[in-house]
Number of protein chains: 2
Amino acid sequence: MIPAGFLFSAVNAGIKSPEHKGLDMGLIYCDKDASVAGVFTANQIKAAPVLIGMDLVKTGRSRCIVVNSGNANACTGTKGIEDARAVTAAVADRLGVGHNEVIPLSTGVIGIGLPVERMLSKVEELKKGLGDDIHAFSRSIMTTDTYPKISFRQAGNAKVLGFAKGAGMIAPNMATTLAVVLTDAVIDPQVLDNIIRKSVIDTFNAISIDGDTSTNDTLIALASGYVQEDVSTVEIEIHDVIQELAMMIVRDGEGATKVVEILVTGTINDSDAKTAAMSVANSLLVKTALFGCDPNWGRIIAAAGYSSVHIQPEEIEITINGYAVVRYGVEADGFDENTLNDILKNKEISITISLGNGSGRFKAFTTDLSYKYVEINSAYRT
Amino acid sequence: MIPAGFLFSAVNAGIKSPEHKGLDMGLIYCDKDASVAGVFTANQIKAAPVLIGMDLVKTGRSRCIVVNSGNANACTGTKGIEDARAVTAAVADRLGVGHNEVIPLSTGVIGIGLPVERMLSKVEELKKGLGDDIHAFSRSIMTTDTYPKISFRQAGNAKVLGFAKGAGMIAPNMATTLAVVLTDAVIDPQVLDNIIRKSVIDTFNAISIDGDTSTNDTLIALASGYVQEDVSTVEIEIHDVIQELAMMIVRDGEGATKVVEILVTGTINDSDAKTAAMSVANSLLVKTALFGCDPNWGRIIAAAGYSSVHIQPEEIEITINGYAVVRYGVEADGFDENTLNDILKNKEISITISLGNGSGRFKAFTTDLSYKYVEINSAYRT
């Protein structure tokens with residue numbers, strides 16, 4: 001399942017602390033010049049690796065991605081840029097590629113300088129370890145994720161392989177979370193850029209765990225160009241890989257006990273549908289009610305109502321897992337709260353909200369909000 | 001402390017269920033025509049009492065407010081309007097005032113019809129009970145509040161008395177939560193309207209518990225006109241009463257263990273400062289970090305960064321309870337995370353965020369997010 005040309009490696013560099021023993025630094029190497037494209041966080045506070053990566057993808061060509069978890073290298077000023085460049089330069093020198101052909105990706109705590117010395121001392125080990133262990137690599141970018149996120153699709157003769165990390169600070173209107181998509185298809189950088197920009201619209205940009213958009217969100221795609229394949233075939237599979245990674249992130253949302261799909265239809269345009277869907281997806285009252293299987297549908301309609309989308313209350317219809325909950329803006333005939341309580345015990349919840357007769361529609365993906373979310377996020381760093 | 005002309009009453013009407021024994025229906029009666037003004041929820045889904053109240057305050061005169069907790073009478077369609085009118089008409093008839101002189105206020109679960117018969121059967125008891133028991137009245141509007149919210153100020157010779165309920169579904173850009181402000185000063189309805197609209201800007205509209213704006217938010221002010229007093233004197237005290245009620249709501253925020261003040265300065269205008277402050281105030285990652293005393297300031301800067309306000313990262317300065325945390329967009333010289341961890345053990349947290357040299361500023365008030373919030377809101381109705 002590895003696209004031709006790519007090698008992987010992962011080590012422990014003690015990035016969280018010298019005592020930390022998990023994999024926290026990883027490398028992807030391509031044995032020839034690959035096309036590269038990327039999408040980056042919409043947060044105005046951009047981490048050093050984001051600023052560097054945004055610049056490097058403009059060249060259209062790359063050879064390496066060096067990743068670390070445990071430290072975001074964000075809000076670290078010019079020192080952060082220098083630190084990231086020191087690491088990418090060391091990787092480039094050791095592998096005999098250009099300094100501008102190594103893209104850094106970081107995730108973890110904001111505001112602390114990278115432990116550059118510890119990372120530099122591991123570059124040789126990273127190089128020596130290059131091989132086919134994609135599982136080790138996938139673990140090197142995990143933070144609060146409970147499992148690694150890998151997705152694979154065959155695209156005709158070409159292969160598409162993706163990695164991502166979750167599991168908090170996930171929100172709409174971001175470029176994406178930390179993710180890498182590799183293919184051995186021949187794809188021009190501009191085409192690759194176009195494919196990933198389209199692919200994130202209904203995938204990474206349709207998910208929300210907690211409404212917080214990170215400083216480090218990045219998706220990098222590399223195409224090694226070993227295999228001639230129809231681009232539209234490859235595009236479909238790249239989209240599928242990105243979609244699967246996005247859903248893995250939702251399923252592994254911090255503390256999540258349910259996966260929740262929110263389909264809004266009937267708006268004037270898709271953008272309005274997205275605004276309403278995300279308003280419901282990010283409502284704490286909706287998310288806690290879902291956690292508690294509380295058949296309190298009023299919270300859903302209220303969250304749609306305070307979004308900026310124009311709403312005619314009497315046109316609203318809501319179903320949950322196919323069960324009619326609201327019609328004409330009021331409780332549906334025959335609605336029974338015990339029935340809805342039972343339905344909400346499912347781990348997969350599908351909410352449809354029709355707001356009128358327009359052709360706009362958008363499907364958002366989110367989770368419930370549990371005690372565990374609070375536990376994880378009240379003790380992340382200390 | 002009761003403004004001249006007003007009488008109060010509260011009963012148990014079994015509104016949550018026939019078995020429910022707490023006070024859940026209340027009445028305020030003015031023995032002469034009072035000036036009236038109101039501000040109402042910005043949610044497009046407006047409860048029946050909101051729609052009725054918005055209409056009634058236009059007359060400028062009122063005699064009664066009839067309140068209930070346990071049922072919001074929202075998303076109840078035309079039946080909801082008829083139900084509310086049946087209750088206000090019965091109150092009006094019994095008290096000998098006009099049908100358009102009784103304003104209904106409801107709070108509680110959305111989507112269930114009012115138990116009109118039970119409420120009508122209590123109107124006589126409400127009338128008979130009219131007196132000076134403001135504490136009983138204040139308890140009749142409580143839902144998940146842990147204590148009643150009453151505020152009083154002397155305004156020269158006049159008195160100002162306010163009531164409010166919290167404690168969830170509290171968010172910015174709303175008119176306000178459920179609140180009543182009474183004064184015996186002589187105030188024209190238009191002037192009263194102007195006073196409360198100005199008063200909510202930096203009070204009710206500056207607080208957020210969970211980012212959810214209710215379908216029922218209403219603030220009604222009545223002025224009985226018994227006392228001649230300088231309007232500017234009364235205005236100051238009305239603002240103070242509203243401010244105190246708003247802060248009581250924050251302190252009693254569902255599951256809150258801390259009160260958090262977020263002052264944003266240096267933006268181009270106050271509106272931008274409010275946008276940035278509310279982005280931080282509503283960030284789950286910030287709120288859970290505050291709950292856990294986690295010195296993870298990166299979450300604050302990230303939340304400012306994903307607001308729509310233009311930010312120059314290198315100009316950001318952050319202090320927490322006076323302690324310098326961020327300067328020039330990076331960790332402040334001498335910052336120590338153990339010191340910040342100790343500071344965050346305070347129950348009152350004051351965060352200042354300077355975003356530049358502009359004159360815009362806004363102070364928002366919020367709480368942390370605890371296990372208890374999840375507990376309360378995952379089991380509200382069932």
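## A helix pair in chain B

In this predicted model, the axes of α9(B) and α10(B) approach to within 9 Å and cross at roughly 160 degrees. Since angles over 145 degrees count as roughly antiparallel, α9(B) and α10(B) are therefore roughly antiparallel to each other. The crossing of α9(B) and α10(B) is left-handed.

On the α9(B) side, Leu285(B), Val286(B) and Ala289(B) take part, and they meet Arg299(B), Ile300(B) and Ala303(B) of α10(B). Sorted by class, the residues of this contact comprise five nonpolar and one charged, with no polar residue.

## The contact between chains A and B

Between the chains, 53 residues of chain B are in contact with 53 residues of chain A. The elements of chain B that supply two or more residues to the side touching chain A are α9 (284–291), α10 (298–305), β13 (330–331) and α12 (371–377). That side of chain B is made up of 26 nonpolar, 22 polar and five charged residues.

## The two domains of chain A

The domain assignment divides chain A into domain 1 (6–251) and domain 2 (259–377), and the C-alpha centres of these two domains of chain A lie 33 Å apart. Their contact draws 12 residues from domain 1 of chain A and 11 residues from domain 2 of chain A.

On the side of domain 1 of chain A that touches domain 2 of chain A, β8 (207–208) and α7 (231–251) of chain A each provide at least two residues, and α7(A) gives the most, with three residues. By class, this side of domain 1 of chain A holds six nonpolar, four polar and two charged residues.

Notes. Residues are numbered from 1 along each chain as its sequence is written. Chains are lettered from A and ligands numbered from 1 in the order in which they are written. This is a predicted model: local features need pLDDT of at least 70, side-chain atom pairs count only at pLDDT 80 or more; totals for chains, interfaces and linings use all residues. Domain bounds come from an automatic or database domain assignment. Two residues are in contact if their C-beta atoms, placed from the backbone, lie within 7 Å. Helices (H or I, at least four residues) and strands (E, at least two) are DSSP runs, numbered from the N terminus. Ala, Val, Leu, Ile, Met, Phe, Trp, Tyr, Cys and Pro count as nonpolar, Asp, Glu, Lys and Arg as charged, and the others, Gly among them, as polar. Axes are lines fitted to C-alpha atoms, for helices over the stretch in contact, and angles run from 0 to 180 degrees between N-to-C directions. Angles under 35 degrees count as roughly parallel, over 145 as roughly antiparallel, 65 to 115 as roughly perpendicular and the rest as oblique. A crossing is left-handed if the near helix is turned anticlockwise from the far one by less than a right angle, and right-handed if clockwise.
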